[in-house]
Amino acid sequence: TAIQQELGATTKTLTPVELKERYPWIFVDDVRNACYTDDGSEGWIDPHTLHTWFKDQSKKLGVKFVWEDGVQQHDCDIIIIASGCWTGEVAKNWDIDIPVKGHKHTVYNILTEKPQISTMPLVADLITGVYWRPEGQGYIAGNSEWDAEDLEPNWNMWEQTWQLLYHRSPELFSEVKTSGAWAGYYDSSLIDDNAIIDHVDNVYFATGFTGRGLMHSPAVGLSLTEMILKKPTTFDLKGYQLN
């Protein structure tokens, strides 16, 4: 937290006692400390809405979108690969090895017997790996797995997910039912689960955001632009380079 605050973040730390006082529905016996913000600097957003806005603004600035199956040959000065967990496969066409892999993530819609706490923040349990936040009349909760063969929601993981939710908050999740689910891929770096932002000659790439791509997209777009234009980058990207 000290490093985050030094770099301008407004995160704060809570002891287990302080955490329990602030959020009495959390089980804290196996918690060492918690990190949170309370100044409105964090939240969540609809990814499709923001993506549509980016695309519409790009079109207004003259960007042309061309949809084609497979890798086609075009004359160009710069190539940018931003294909999520498929970035590594695409980069092989230029003999570039990018260690990124799809990490299947199933999100469950759940309803609880107790009324939803609509003001609850997103809770990420770094001990068990489960998270949840308010959505609709209930909550959404997620869990992940490697080496999945499809993107169908994994209902076989629901019992485990529910147990993890119950462990962290028996008060909230003692009686729950699912009302739906969906699944998608996180593009996860096999190096350290952090982003990979780099280039090899005129091929630039950005991947490995592990579900945080939407959050980082404005900064990543700026960084790639500065790299391509050979300008000093606003952000220090050394930790995100392959070499």
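## Basis of the description

The model is predicted: local features need pLDDT of at least 70, side-chain atom pairs count only at pLDDT 80 or more, and totals for chains, interfaces and linings use all residues. Residues are numbered from 1 along each chain as its sequence is written, and side-chain values use heavy atoms, with hydrogens and water left out.

## The sheet

Helices (H or I, at least four residues) and strands (E, at least two) are DSSP runs, numbered from the N terminus. Two strands pair if DSSP finds at least two bridges between them. Five strands form an open sheet in the order β5-β6-β7-β4-β8, and their pairing is antiparallel. Its edge strands, β5 (123-124) and β8 (176-189), each pair on one side only.

Within this sheet, β4 (residues 100-112) and β7 (residues 138-145) run antiparallel and are joined by seven bridges. Histidine 105 stands opposite serine 144 in β7.

## Helix α3

Helix α3 (residues 47-60) has 14 residues and reaches 20 Å from its first C-alpha to its last. This is close to the expected 20 Å, a span defined as 1.5 Å times one less than the number of residues.

At the start of α3, a side-chain oxygen of aspartate 46 comes to within 3.2 Å of the backbone nitrogen of histidine 48. After α3 comes glycine 62, with a positive phi near 100°.

## A salt bridge

A salt bridge is a side-chain nitrogen of Lys or Arg within 4 Å of a carboxyl oxygen of Asp or Glu. By this rule, the model has eight salt bridges. In one of them, aspartate 38 pairs with arginine 22, and the closest N and O atoms are 3.8 Å apart. Aspartate 38 lies in the loop between β2 (34-36) and α3, and arginine 22 in helix α2 (residues 16-22), so the pair ties together parts that are 16 residues apart in sequence.

Terms used
Polar contact = N/O pair within 3.5 Å; in protein donor to acceptor, adjacent residues only side chain to side chain.
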